[in-house]
Amino acid sequence: MNKLIERKDYLDQLAMWREEEMIKVVTGVRRCGKSTLFDLYIAWLKAGGVADEQIIFVNLEDEDVSELLDHKKLHEYIKNRVLENKWTYVFIDEIQNCPDYERTVSSLYLRKNLDIYITGSNAHMLSGELATKLTARYIEIDMLPLSFAEYSEAVKTPDKRERFNQYMNMGAFPYATRFADNSLAHSQYLEGIYNTVLVKDVMTREGLSDISLLKSIASFLASNAGSPVSTKKIADTLSSGGRPTGSATVDTYLTALTDAYLFYKVNRYDIKGKIHLKSESKYYICDTGLRNLILGTTNKDIGHQIENIVYLELLRRGYTINIGKSARGREVDFVAIRDKKTEYYQVSASVLDESTLERELEPLQQIKDNYPKFLITLDDFPGDHDGIQQINLIDWLII
């Protein structure tokens, strides 16, 4: 049996909220490690003295407990196992499979000494009745596939650049690391994830009917990761390709794809005016290996691949992220805010060419505030350009 990859950052977040009167909601794309995170956390609780009878675990993907998809039976099952004088830890995996689950969760929340943890693979669960009933009573932990640091623990490729190329091309779904040396098995595993997400978490969950249109839009987003897009641009592209599609339909499918955590939407931001812009947004995929599967390519379009990786890493590190527009209309790849502090990031595969370096530095140079500015590349030559720090991407990922 392979050793579980420790997801320390996520474990620390769960531990921080232990026994607080907040429901812990772990969200993220299917197979990113949410169930395993619960396994790790439960093991940590037990190592700290929590007894087996204090833990209730329900996986609503398990056919053996299919009767618990009835929210009343789920409530009864948990209620009958709650201890009176000790903390009881309740874990419900893939809770969106249970219709009206919010009734169960909101009722359980009223009980004393009950610590509740749930996972879900669709953001719609947090925009409906659960959010209405439990305003300010839950915290969301958005989980992603493995960071490069976590991947490096699982895949023992000694050369870090070779290991990074593996990470970029094959992606970082935890279980997929078992197939790092078997490209056929790896592709089959990723294809299974992709199809399951599309059918279960997008089509069925959102009540959509056109799988061909959904795949076309997902392919467009994957191909244009890191490029500005709009619903009209997608609709026009599909229509010109012989598939007449309206902007409203495209918007519905885009929302469904982001609700399933397959893609993340990033808005544009006027740095000088400090306002969000309604113009074209960018979309980044949850895993670059999945992008390569959809497009049938590897080792191509490296600039957009590494930009996608930087975005996901900033997300993991707790930043709120926008695309920046500088004073003269030039674009800053990421305006990242955390703890009320702003940082600016520009990403390029290489800036060894002098004209490329000037082009990448210019948007950052136009920003007149004193917040940190970074240029991240795959070049092995870190440096300082009048206060703009140039950093090697691979080294930055394992800080």
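## Basis of the model

The model is predicted: local features need pLDDT of at least 70, side-chain atom pairs count only at pLDDT 80 or more, and totals for chains, interfaces and linings use all residues. Residues are numbered from 1 along each chain as its sequence is written, and side-chain values use heavy atoms, with hydrogens and water left out.

## The whole chain

The chain has 15 helices and 13 strands; these are DSSP runs numbered from the N terminus, with helices being H or I of at least four residues and strands E of at least two. Its radius of gyration is 22 Å, close to the 21 Å from the globule rule for 399 residues, so the chain is as compact as a globular protein of that length. The radius is taken over C-alpha atoms, and the rule is 2.2 Å times the number of residues to the power 0.38.

Of the 399 residues, 51% are buried. Buried means under 20% relative accessible area, exposed over 50%, and partly exposed in between (1.4 Å probe, protein chains only).

## Helix α10

Helix α10 covers residues 231-240, and its buried residues are I234, A235 and L238. They lie on the same side of α10 because they cover an arc of only 95° around the axis, the arc being that of the directions from the helix axis to the C-beta atoms. The face turned away from this buried side carries the exposed residues K232 and S240.

The buried residues of α10 pack against α9 (211-223) and α11 (247-259), where contact means heavy atoms within 4.5 Å. Just after α10, G242 takes a positive phi of about 95°.
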